[in-house]
Amino acid sequence: MELNQLLLVAFLVESLIQTIKPLYDRSKGWNLDALIALVVGIGFCYLVNVNLFSIVNINLDFGDPIINHSVGVVLTGVIASRGSNFAHDMLKYVQISSMPTLDTAVG
């Protein structure tokens with residue numbers, strides 16, 4: 001598995017947990033904001049036909065994709081429903097992790 005594939009799977013797992021967890025609370029009921037964000041994210045990804053899994057090209061050993069196109073679009077919609085704050089946090093994490101540490105800095 002390549003690094004970009006691993007990052008996509010990690011983003012997906014975090015997105016699924018953070019999206020599904022607040023959808024329903026026993027004391028408050030359904031969280032309409034989270035439901036609307038989920039529907040809009042998935043719907044928009046269907047409209048523009050975005051599938052991150054086809055971009056990263058996660059395939060089985062014999063060349064077939066692990067996730068079919070429709071499922072990939074839905075999962076991409078779940079990631080997108082997390083919004084720009086989530087994307088910004090992930091980009092910041094990648095930037096910080098790629099910066100040299102004091103041990104590797106020259107000078």
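Visitor: What is the length of the polar contact that joins the side chains of N51 and H69?

Guide: This is a predicted model. In it, the N51 and H69 side chains are joined by a polar contact. H69 is also among the residues that N51 touches beyond four places in sequence. The polar contact spans 3.3 Å.

Visitor: Is N51 buried or exposed?

Guide: The relative accessible area of N51 is 4%. Buried means under 20%. N51 is therefore buried.

Visitor: What about V50: how is it classed at 30% relative accessibility?

Guide: V50 is also found in the loop between α2 and α3. Exposed takes over 50%, and buried takes under 20%. At 30%, V50 therefore counts as partly exposed.

Visitor: What distance separates the C-alpha atoms of V50 and T76?

Guide: Along the chain, V50 and T76 are 26 residues apart. Yet V50 is in contact with T76, as well as with C45 and V73. The C-alpha separation is 7.1 Å.

Visitor: Which elements give two or more residues to the largest nonpolar core?

Guide: The largest nonpolar core has five residues: L8, L12, F53, L75 and I79. Two or more of these residues come from each of α1 (3–20) and α4 (69–81).

Visitor: Which element supplies the largest share of the nonpolar patch?

Guide: Y24, W30, L32, I36 and V40 make a nonpolar surface patch of about 580 Å². W30 lies in strand β2. The largest share, three residues, comes from helix α2 (residues 32–48).

Visitor: Is W30 buried or exposed?

Guide: W30 has 54% relative accessibility. The cut-off for exposed is over 50%. So W30 counts as exposed.

Visitor: In what order do the elements of the protein chain run?

Guide: The protein chain has five helices and two strands. Read from the N terminus on, the order is α-β-β-α-α-α-α.

Definitions and conventions: Residues numbered from 1 in each chain as written. Predicted model: local features only at pLDDT ≥ 70, side-chain atom pairs only at ≥ 80, totals over all residues. Heavy atoms only, no water. Patch = residues over 30% accessible without salt bridge, like charges linked within 9 Å, V, L, I, M, F, W, Y side chains within 5 Å. Areas by Shrake-Rupley, 256 points an atom, 1.4 Å probe, with all protein chains shown as cover. Salt bridge = Lys/Arg side-chain N within 4 Å of Asp/Glu carboxyl O. Helix = DSSP H or I, 4+ residues; strand = E, 2+ residues; numbered from the N terminus. Buried < 20%, exposed > 50% of the residue type's maximum accessible area, 1.4 Å probe, protein only. Polar contact = N/O pair within 3.5 Å; in protein donor to acceptor, adjacent residues only side chain to side chain. Contact = heavy atoms within 4.5 Å. Core = buried A, V, L, I, M, F, W, Y, C linked by side-chain atoms within 4.5 Å.
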